[in-house]
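Please look through the structure shown here, and keep it at hand while you read the report that follows.

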Amino acid sequence: MFTSLKNCNVNDTFKNSIFNGLSVDGSLYFPRKIKTLDELIQNIKELSNQEIGFLVMKNFINSEIPDKELKKIIDQTINFDFPLKQIENNIFSFELFHGPTLAFKDVGASFLANSLEYYTKDKVLNILVATSGDTGAAVANSFFNKKNINVIILYPKNKISSFQQKQITTRGNNIYAVELAGDFDACQHLVKQAFNDKKLRKKINISSANSINVGRWLPQIIYYFILHKELKKINKEKEVCISIPSGNFGNICAGLMSKKMGLNFKKIIASTNINDTIPRYLSSGVFDPKQTKRTISNAMDVSIPNNFPRIEKIYDDNFKTLSKNLISEMVDEFQTKDEIKKIFNNTKYILDPHGAVGLVGLKRNLKDNETGVFFETAHPIKFMDTVGKILKIREDFFKINLNFNNKETIHKIKNDYNELVNFINLIN
Ligand SMILES: *Cc1c(COP(=O)(O)O)cnc(C)c1O
């Protein structure tokens, strides 16, 4: 069962939580209980990634979805590899980008799409989602041609890579790409407004596919258990520091949940780009978001991270406990590019800008006797506009077949809620 961050009397099923997106009071859903998974952790070396995924999700869904069906959903979700690659002496890259849209969001998007499909029968559901680049692609892929589901993807004009844009705009059918003249926070704001619009919600069913949705957020916990297994296989599961490139703080929040569920990471680092509300907050105690700035790690161009209230909740809204359990580092544009260059020259490994942010944040905190892992959240080919320039390589350097259908269909709107509502009404 799920409660809300603002009102502990809320008690919703998994089904209602993923359909509603946000709880009735407009705040985020949160699991009522977080149980530890000691037995799973004991036996983890013996388990497949799918078995791990099943046990982690069953912990939250209990018997709401029958085991057989939940296993099916997991099998459709966890169907690619999560390799852990040694980059330098005690530093590993945990590659989460081997899914269909080449970023880590595939697991969450696919779990959500398959769960919603399991529940939708005759009613039409509208998925409304704001993207800083990769969510849109993952959602477009996972929901493509799902019966009775319309997907409306809002992305900020000129602020995502051309590769990411094509992933969203060339699908067609039930996938609608909406380009907003504004930044990602503006997209996120309009989505929230729609959720709080009682008149609209009376007329049509809407749900979200952002990491505010527990169906997308929780499956990310599986990564941390898989990581633990991979580290255990090479006897490196002790003294582990992990660094997660963070924007909306959904992935890192999943990591902090995994710690509550029994995994023993020594340090967990949220690495951000110059949109550094959280690093500043943890050092000063003052929550002071600034205007979002555009960076080369665009999926993290967020100044008000949606999932941060969940992180505070994990630590009972106690700032002291929170700052003991979470380290946060800001990495600027120069340091990011410099790391991409250095790692390529020394090791031939190609970082994407997000992974590079994670790596720099990791190195600042890693001691020689510790094992460091940074999450590589996207394939560098998604960011050839920047990585290609920095390393002087071209797309065909990677042996990946990119077959976009060329026709882009884009619906353009101003940063105006009414324009969004008109569009939603138009397609319903
Ligand atoms: C979305 C994204 C992030 C940020 O993840 P959050 O869960 O929003 O913090 C980091 N890297 C890439 C490549 C992403 O697509």
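Axes are lines fitted to C-alpha atoms, for helices over the stretch in contact, and angles run from 0 to 180 degrees between N-to-C directions. Helices (H or I, at least four residues) and strands (E, at least two) are DSSP runs, numbered from the N terminus. The model is a predicted one, in which local features need pLDDT of at least 70 and side-chain atom pairs count only at pLDDT 80 or more, while totals for chains, interfaces and linings use all residues. Residues are numbered from 1 along each chain as its sequence is written, and side-chain values use heavy atoms, with hydrogens and water left out.

**A pair of helices**

Two packed helices are described by the angle between their axes and the distance between the axes. Helix 6 (residues 134-143) packs with helix 7 (residues 162-169) at an angle of about 30 degrees, and their axes are 8 Å apart. Angles under 35 degrees count as roughly parallel, over 145 as roughly antiparallel, 65 to 115 as roughly perpendicular and the rest as oblique, and helix 6 and helix 7 are therefore roughly parallel to each other. Where contact means heavy atoms within 4.5 Å, D134, G136, A137 and A140 of helix 6 meet Q164, Q167 and I168 of helix 7. The residues of this contact divide into three nonpolar, three polar and one charged, given that Ala, Val, Leu, Ile, Met, Phe, Trp, Tyr, Cys and Pro count as nonpolar, Asp, Glu, Lys and Arg as charged, and the others, Gly among them, as polar.

An open sheet of six strands has the order 3-4-12-9-10-11, with mixed pairing, and two strands pair if DSSP finds at least two bridges between them. Strand 3 (84-88) and strand 11 (327-330) are the edge strands, each of which pairs on one side only. From one strand to the next, the twist averages 25 degrees. Helix 13 (residues 277-284) packs on this sheet, where helix 13 touches strand 10 (267-272) and strand 11, and its direction makes about 125 degrees with that of strand 11.

| Strand pair | Bridges |
|---|---|
| Strand 4 (residues 91-95) and strand 12 (residues 371-376) | five bridges |
| Strand 9 and strand 12 | four bridges |
| Strand 9 and strand 10 | five bridges |
| Strand 5 (residues 125-130) and strand 8 | four bridges |

Is strand 9 (residues 240-245) enclosed or open? Buried means under 20% relative accessible area, exposed over 50%, and partly exposed in between (1.4 Å probe, protein chains only). Six of the six residues of strand 9 are buried, so strand 9 is largely enclosed by the rest of the structure. In a regular strand the side chains alternate between the two faces of the sheet. From strand 9, V240, I242 and I244 point one way, whereas C241, S243 and P245 point the other way.

Five strands form another open sheet, in the order 8-5-6-7-13, and here the pairing is parallel. Strand 8 (205-208) and strand 13 (411-413) stand at the edges with a single partner strand each, so one side of each is left without a neighbour in the sheet. In strand 8, I206 stands opposite N126.

**An exposed lysine**

K320 lies in helix 15 (residues 319-325) and, at 66% relative accessibility, counts as exposed.
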